[in-house]
Amino acid sequence: LRSNAHPDGLPTLSGVALDRVTTANRLYLLCSEIMAWATQRGIMASIENPLRSHAWNTSHMQKHLVGLQLHEVVFHHCMYGATRRKRTKLLCNHRCLLPLALQCDNSHDHEGWGIAPTGQWATASEVEYPHQLCQAWAQCLKRCFLEYGAVEPALELGTDTDIPLVQASRAATGIQPRGKKLI
């Protein structure tokens, strides 16, 4: 439905194909508007899509991104425990996600693309982020928030206190006690 020469959509599209491209282009425009809005206000944001997606080159995606200081983060999902060599690009307005940029080191096997034994396209099983990627992403954000002054929650309460176990567990999970007293 798109090509390198026509990233906004092939000029010959009609019907359902044209509707699909038009809808996607509206989403790309919205993504670029949100990124510009967040960046101008100092709010952390990122946009994600496959590296080779035509989305990155659409006029709709580019419309509001020109002139913004953004960072590209490209990584292979297989470096985070996925079974396929899927390459993803993040466009983000903060450097904290740069450590995610791991390229495949070819130290492991990859499952193939195409039709899987289940009869589905292999891409259908690659829509979720691998758990290791989620953990790495969360660690990047945690480090960033701590640099900005966030305080880590206590891992345990001291043993020199007479706080009942129920109250201690409520405090550890961030649940405020009722009333004016902790115990």
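Mentor: Helices (H or I, at least four residues) and strands (E, at least two) are DSSP runs, numbered from the N terminus. The model is predicted, with local features needing pLDDT of at least 70 and side-chain atom pairs counting only at pLDDT 80 or more, while totals for chains, interfaces and linings use all residues. Residues are numbered from 1 along each chain as its sequence is written, and side-chain values use heavy atoms, without hydrogens or water.

Start with L30, in helix α1 (residues 15-40). L30 is partly exposed because its relative accessibility is 41% (buried is under 20%, exposed over 50%, partly exposed in between, with a 1.4 Å probe and protein chains only).

Next come the charged pairs. The structure has 3 salt bridges (a side-chain nitrogen of Lys or Arg within 4 Å of a carboxyl oxygen of Asp or Glu). One of them joins K89 to E72, 3.1 Å from N to O. K89 belongs to strand β3 (residues 87-92) and E72 to strand β2 (residues 71-76), so this pair ties together parts 17 residues apart in sequence. K89 is buried at 10% relative accessible area, whereas E72 is exposed at 51%.

E111 and R84 form another salt bridge, at 3.2 Å, N to O. Here E111 comes from the loop between β3 and α3 (131-147) and R84 from the loop between β2 and β3, 27 residues apart. R84 is buried, with a relative accessible area of 5%; E111 is partly exposed, with 41%.

E152 and K142 also meet in a salt bridge, 3.0 Å from N to O. E152 sits in the loop between α3 and α4 (165-172) and K142 in helix α3, 10 residues apart. E152 is partly exposed at 45% relative accessibility, and K142 is partly exposed with a relative accessible area of 34%.
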